[in-house]
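These are my notebook entries on what I looked up in this structure, written down in the order in which I went through it.

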Amino acid sequence: MGKPVNSLRSPRFCGIRTFQRLPHETDVSGNDFAVMGVPFDTGTSYRAGCRFGPAAIREVSAILKPYNHVLDVDVFEHLEGVDAGDMDIIPGYVDESFAVIERETARLCSQGATPVLLGGDHSVTLPELRGLTRTHGPVALLHFDAHSDTGNDFFGKPHNHGTTFYWAMEEGLVLPNQSSQIGIRGPLYSRDAWAYARSKGMQILDGWQVHALGTAETIRRARERVRPGTPVFVSFDIDFLDAACAPGTGTPEVGGFTTHDALALVQGICPGLNLVGMDMVEVLPEADHGAVTSLAAANIIFAFLSCLAHNRRGRK
């Protein structure tokens with residue numbers, strides 16, 4: 001139970017596509033983590049299509065292997081996990097879909113599995129956090145993104161992929177004083193676009209700062225804010241990566257980061273933290289080239305799973 005197919009016995013191009021060839025199980029009880037798709041993109045403000053992100057990430061994830069030499073950990077020596085399939089969202093209906101996402105995320109947590117969620121646009125993180133906090137309470141947020149997503153409305157409506165963390169803070173789902181937004185960059189709608197997040201105590205390490213500070217100092221600044229034992233949720237928007245490294249996304253930004261940068265930051269910040277969940281959002285396969293964006297997403301998720309395994313090994 002909870003182990004991927006051995007690719008030295010069954011070729012990686014065989015079988016039904018699940019994340020990293022994990023078993024498909026809707027009942028996740030007894031597993032350390034559960035991967036689940038959230039194929040919702042009604043909250044998109046520019047290029048739509050990331051409802052197909054979960055399928056694309058699963059397709060390329062077959063290439064992943066279990067051992068992470070950077071953290072010196074074999075993920076499946078310490079963890080068991082399943083792919084729980086996709087949530088049955090309602091296309092075009094935000095509130096109704098949010099109710100499904102909240103319920104399904106809460107179910108994964110109540111069954112003892114760490115949710116690893118495949119978006120979908122970034123609006124899905126709000127109901128994920130609503131479901132997650134039923135079990136864990138408010139979380140410290142590690143948010144990798146080109147955009148702060150802290151607007152309070154778009155076109156007079158409260159919920160889309162640019163308002164997620166405004167409402168998450170307003171609803172008390174995240175702990176801003178222990179949280180960091182990393183890599184934020186690009187042109188803004190106004191000079192005070194980040195004022196709300198900073199007024200709540202959120203640390204914003206913008207893209208220019210992260211390039212100037214370097215990986216080690218960025219890791220230090222993100223880690224030092226999280227108090228021991230605080231539950232941590234990682235939300236990774238693939239447009240954190242430079243548009244050259246992740247063309248397959250709805251709102252690409254230049255001046256960003258490489259896949260090496262992303263892996264180094266995740267594997268540097270997350271070990272030792274009380275990780276209670278992750279999402280990977282905004283993968284848009286139709287705009288991708290050679291599946292490079294989906295491949296980046298799958299490997300960043302594997303880095304997160306490696307940190308989970310590293311932490312489990314450390315507790316034994």
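**Entry 1, a pair of strands.** I began with β1 and β5, which pair in the parallel sense over six bridges. The model I am reading is a predicted one. Looking along this pair, I noted that V35 stands opposite V116 in β5. I then turned to strand β10 (residues 274-281), which pairs with β5 in the parallel sense over three bridges, and here L118 stands opposite M280 in β10.

Is β5 enclosed or open to the outside? I found that six of the six residues of β5 are buried, so the strand is largely enclosed by the rest of the structure. T114, V116 and L118 point one way from the strand, while P115, L117 and G119 point the other way, and all of them are buried.

I looked up strand β6 (residues 140-144) and strand β7 (residues 180-184), which run parallel and are joined by three bridges. F144 has I182 as its bridge partner in β7.

I checked the span of α3 (residues 94-110), whose 17 residues reach 24 Å from the first C-alpha to the last, close to the 24 Å expected at 1.5 Å a residue. The buried residues of α3 are V94, S97, F98, V100, I101, E104, T105, A106, L108 and C109. What covers the buried residues of α3? I found that the cover includes β1 (33-38), β5 (114-119) and α4 (125-136). Just after α3, G112 takes a positive phi of about 90 degrees.

I searched the whole structure for disulfides and found zero. C50 is in no disulfide, and the nearest cysteine sulfur to its own, that of C245, is 19 Å away. As to accessibility, C50 is buried because its relative accessible area is 1%, which falls under the 20% limit, whereas C245, with a relative accessible area of 22%, is partly exposed.

Last, I looked at D72, which is found in the loop between β2 (67-68) and β3 (73-74). Its relative accessibility is 46%, so D72 counts as partly exposed. Which residues does D72 contact, once its neighbours within four places in sequence are left aside? They are Y67 and R313. I also noted that D72 and H310 are 238 residues apart in sequence and 8.2 Å apart in space, taken from C-alpha to C-alpha.

How values were computed:
Residues are numbered from 1 along each chain as its sequence is written. This is a predicted model: local features need pLDDT of at least 70, side-chain atom pairs count only at pLDDT 80 or more; totals for chains, interfaces and linings use all residues. Side-chain values use heavy atoms; hydrogens and water are left out. Helices (H or I, at least four residues) and strands (E, at least two) are DSSP runs, numbered from the N terminus. Buried means under 20% relative accessible area, exposed over 50%, partly exposed in between (1.4 Å probe, protein chains only). Contact means heavy atoms within 4.5 Å. Two strands pair if DSSP finds at least two bridges between them. The expected span of a helix is 1.5 Å times one less than its number of residues. A disulfide is a pair of cysteine sulfur atoms within 2.5 Å.
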